[in-house]
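Here is a short briefing to read alongside the model on your screen. Take your time, and look up each piece as you meet it.

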Amino acid sequence: MNRKIIIITAPSGAGKTSITHYLLDKYRQLAFSVSAATRQPRADEQDGRDYYFLSLEEFQHKIRDNEFAEWEMVYEGKYYGTLKSELERIWNNVQIPVLDIDVKGAIHVKQQYPGMTLSIFIEPPSLGELERRLRTRGTETAETLQARVNKANFEISFKHHFDKIIVNDELGKACKQADTIIKEFLER
Ligand code: 5GP
């Protein structure tokens, strides 16, 4: 099998995690690419499943050793990155990595792996709706909520850099659209 990459990107709260899970459940050929991150794990998160949780020193060491396909300081002081070893692990398993990463990281991966990457941008129906979803999720403080909404506004301006755009106004419909896009990519 030739090596492929699927990137699902979106402002945080646009529903990319739900769409990613839907696709991972449906297609055995796909595998979630576990990123490295320096933020604290949330209550329900597990090291090695949701992220490889690293200290700042460990993360910086891996940057120096050129171990990342891409990395970003996604939020103030918090680093996130895709390890080359994670992509290799999945390819060696004869699967396709699915990267749930931020917009800048997505653009970098596309540039680094041209011709083998499908990039999908999930767009929230509006900023107001995005804010409402983030509030309902209950993972944010007033400051982090505002930071995420501001960042979302900026990220939406990059949507035309991606191969496909899906507006997530209704999750079921958005999943179906994603399904059609993936099916076509897998047959290539
Ligand atoms: P959260 O803290 O909510 O898990 O993730 C915050 C943001 O970081 C999300 O938009 C997520 O997609 C992004 N992210 C997660 N992993 C990576 C990564 O490896 N690289 C980049 N650039 N962004 C990531």
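Two strands count as paired if DSSP finds at least two bridges between them. Helices (H or I, at least four residues) and strands (E, at least two) are DSSP runs, numbered from the N terminus. This is a predicted model, in which local features need pLDDT of at least 70 and side-chain atom pairs count only at pLDDT 80 or more, while totals for chains, interfaces and linings use all residues. Residues are numbered from 1 along each chain as its sequence is written, and side-chain values use heavy atoms, with hydrogens and water left out.

**The chain as a whole**

- The chain holds seven helices and nine strands.
- Its radius of gyration (taken over C-alpha atoms) is 16 Å, close to the 16 Å from the globule rule (2.2 Å times the number of residues to the power 0.38) for 188 residues, so the chain is as compact as a globular protein of that length.
- Along the principal axes, the C-alpha atoms fill a box of roughly 45 × 40 × 30 Å.

**The five-stranded sheet**

- Five strands make an open sheet with parallel pairing, in the order S2-S7-S1-S8-S9.
- Strand S2 (30–32) and strand S9 (164–167) are at the edges with a single partner strand each, so one side of each has no neighbour in the sheet.
- On average, neighbouring strands here are turned by 25° against each other, direction ignored; axes are lines fitted to C-alpha atoms (for helices over the stretch in contact), and angles run from 0 to 180 degrees between N-to-C directions.
- Three bridges link strand S1 (residues 5–9) with strand S7 (residues 96–100) in the parallel sense, and Ile7 stands opposite Leu99 in S7.
- Helix H3 (residues 84–92) lies across S1, S2 and S7 and runs at about 145° to S7; contact means heavy atoms within 4.5 Å.

**The four-stranded sheet**

- Another open sheet has four strands in the order S4-S3-S6-S5, with mixed pairing.
- Strand S4 (51–53) and strand S5 (68–75) form its edges, and each has a single partner strand, so one side of each is left without a neighbour in the sheet.
- Strand S3 (residues 35–37) runs parallel to S4, joined by three bridges, and Ala37 stands opposite Phe53 in S4.
- Helix H2 (residues 56–64) lies across S3, S4, S5 and strand S6 (78–83), at about 45° to S6.

**Around the ligand**

- A polar side-chain atom of Lys16 is 3.1 Å from an oxygen atom of the ligand.
- A nitrogen atom of the ligand lies 2.7 Å from an N or O atom in the side chain of Glu70.
- For the side chain of Asp102, an N or O atom is 2.8 Å from a nitrogen atom of the ligand.
- Taken alone, the ligand exposes 510 Å² (Shrake-Rupley method, 1.4 Å probe), and the protein buries 95% of that.

How values were computed: Polar contact = N/O pair within 3.5 Å; in protein donor to acceptor, adjacent residues only side chain to side chain.
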